Amino acid sequence: MSPSIGYFTRYIEITMIEYKNVTKKYGENIGIEDVSIRIEEGEFVFLVGPSGAGKSTFVKLLLKLLDADEGEIFFNGSDVTSLKSIDIPKHRRSMGIVFQDFSLLPKKTVFENVAFAMEIIQTPRRAIKRQVPRMLDLVGISAEANKYPSQISIGEQQRVALARAIVNNPAVLIADEPTGNLDPETGWEIMRLLAQINKRGTTVLMVTHSKEIVNAMGKRVVAIRDGRLVRDEQSGMYHPEDEPTGTDEDEGLFKL
Ligand SMILES: Nc1ncnc2c1ncn2[C@@H]1O[C@H](COP(=O)(O)OP(=O)(O)O)[C@@H](O)[C@H]1O
Ligand SMILES: [Mg+2]
């Protein structure tokens with residue numbers, strides 16, 4: 001990351017995401033309340049909490065799908081809260097996003113699905129031809145490049161979604177329950193990939209209810225409850241009070 005800063009980069013902590021006393025209400029309902037947090041470049045952060053805790057609100061504010069009522073949000077040094085509408089698409093594209101139901105385009109092949117993310121930002125054809133195979137290779141799915149989503153497994157589909165999310169080299173990867181629809185073994189494969197992507201320098205923010213994954217990874221764990229940040233631990237663990245409350249399993253951020 002930030003190669004232009006050069007030699008000293010790794011000695012400087014760069015704040016990638018910062019919330020300062022952020023509150024978002026939906027009428028009477030509290031989305032998040034007075035949340036302050038800093039996430040440094042290169043971190044891997046789990047966001048946990050029961051249903052209705054405010055996890056989706058937290059992420060939607062970052063993507064500027066919602067506006068905060070109070071407080072400030074910074075992303076990679078720039079103020080998200082005062083972003084002009086014209087700059088919002090570019091802001092969103094600077095983050096890679098993977099969600100629970102991968103939403104690949106059914107009529108495009110694996111290759112085309114990943115290429116599409118580059119086409120929409122007018123990447124030259126040559127760069128697409130070079131970059132897409134690299135990404136497919138990284139997520140271990142090169143052999144399926146010419147297949148359609150319906151012809152590959154769910155786990156493979158999630159790999160394609162991951163490749164698509166990182167193909168434009170985002171500073172941050174946001175993953176909402178990326179293992180939510182996968183069997184445990186496939187879920188672990190996706191986790192290994194996320195860890196690998198994080199190792200390459202991408203900051204990862206992952207919403208999850210998987211106790212096993214949180215406990216095994218030994219990463220930073222941020223817990224929210226009733227809109228408030230209640231726990232923030234390095235090498236944290238999943239706690240019983242983070243469990244979803246039953247009826248609505250995390251419905252996924254992107255059901256908007
Ligand atoms: N569009 C909305 N209108 C009214 N209340 C909402 C809306 N979206 C979320 N909320 C409320 O905000 C709180 C936090 O929701 P959310 O961020 O979706 O939680 P989580 O993702 O942790 O399940 C909940 O009480 C929820 O009912
Ligand atoms: Mg949610």
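1. Leaving out residues within four places in sequence, K147 makes contact with T109, V110 and I152, where contact means that the C-beta atoms of two residues, placed from the backbone, lie within 7 Å. K147 sits in the loop that runs between helix 4 (125–138) and helix 5 (154–166), helices being DSSP runs of H or I with at least four residues and strands DSSP runs of E with at least two, both numbered from the N terminus. Although K147 and T109 are 38 residues apart along the chain, their C-alpha atoms are separated by 5.2 Å. K147 is partly exposed because 15 other C-beta atoms lie within 10 Å, given that a residue is buried with 20 or more other C-beta atoms within 10 Å of its own, exposed with 12 or fewer, and partly exposed in between, the C-beta atoms again being placed from the backbone.

2. On provenance, this is a predicted model, in which local features need pLDDT of at least 70 and side-chain atom pairs count only at pLDDT 80 or more, while totals for chains, interfaces and linings use all residues. Residues are numbered from 1 along each chain as its sequence is written, and chains are lettered from A and ligands numbered from 1 in the order in which they are written.

3. The protein has seven helices and 10 strands. Its radius of gyration, taken over C-alpha atoms, is 18 Å, close to the 18 Å that the globule rule gives for 256 residues, so the protein is as compact as a globular protein of that length; the rule is 2.2 Å times the number of residues to the power 0.38. The C-alpha trace spans about 50 × 40 × 35 Å along its principal axes, and 38% of the 256 residues count as buried.

4. The domain assignment gives domain 1 (1–94 + 172–256) and domain 2 (102–169), with bounds that come from an automatic or database assignment. The contact between them takes 11 residues from domain 1 and 10 residues from domain 2. On the side of domain 1 that touches domain 2, helix 6 gives the most, with five residues.

5. The largest nonpolar core has 65 residues, and those with the most contacts inside it are L47, V114, A163 and V204; such a core is a set of buried Ala, Val, Leu, Ile, Met, Phe, Trp, Tyr and Cys residues joined through C-beta atoms within 7 Å. Both domain 1 and domain 2 give residues to this core, so it lies between them. Not counting residues up to four places away in sequence, V114 touches V132, M135, L136, V160, A163, R164 and V167.

6. N76, in the loop between strand 4 (70–75) and strand 5 (78–79), has a positive phi of about 50° although it is not a glycine, and with 19 C-beta neighbours inside 10 Å it counts as partly exposed. E177, in the loop between strand 7 (172–176) and helix 6 (184–199), likewise is not a glycine and has a positive phi of about 45°, but E177 is buried, with 22 other C-beta atoms within 10 Å.

7. Finally, 12 residues surround ligand 1, the closest being Y26, G52, K55, S56 and T57; a residue is near a molecule if its C-beta atom, placed from the backbone, lies within 6 Å of it. Strand 2 (29–40) and helix 1 (55–62) each supply at least two residues of this shell, and the largest share, three residues, comes from helix 1.
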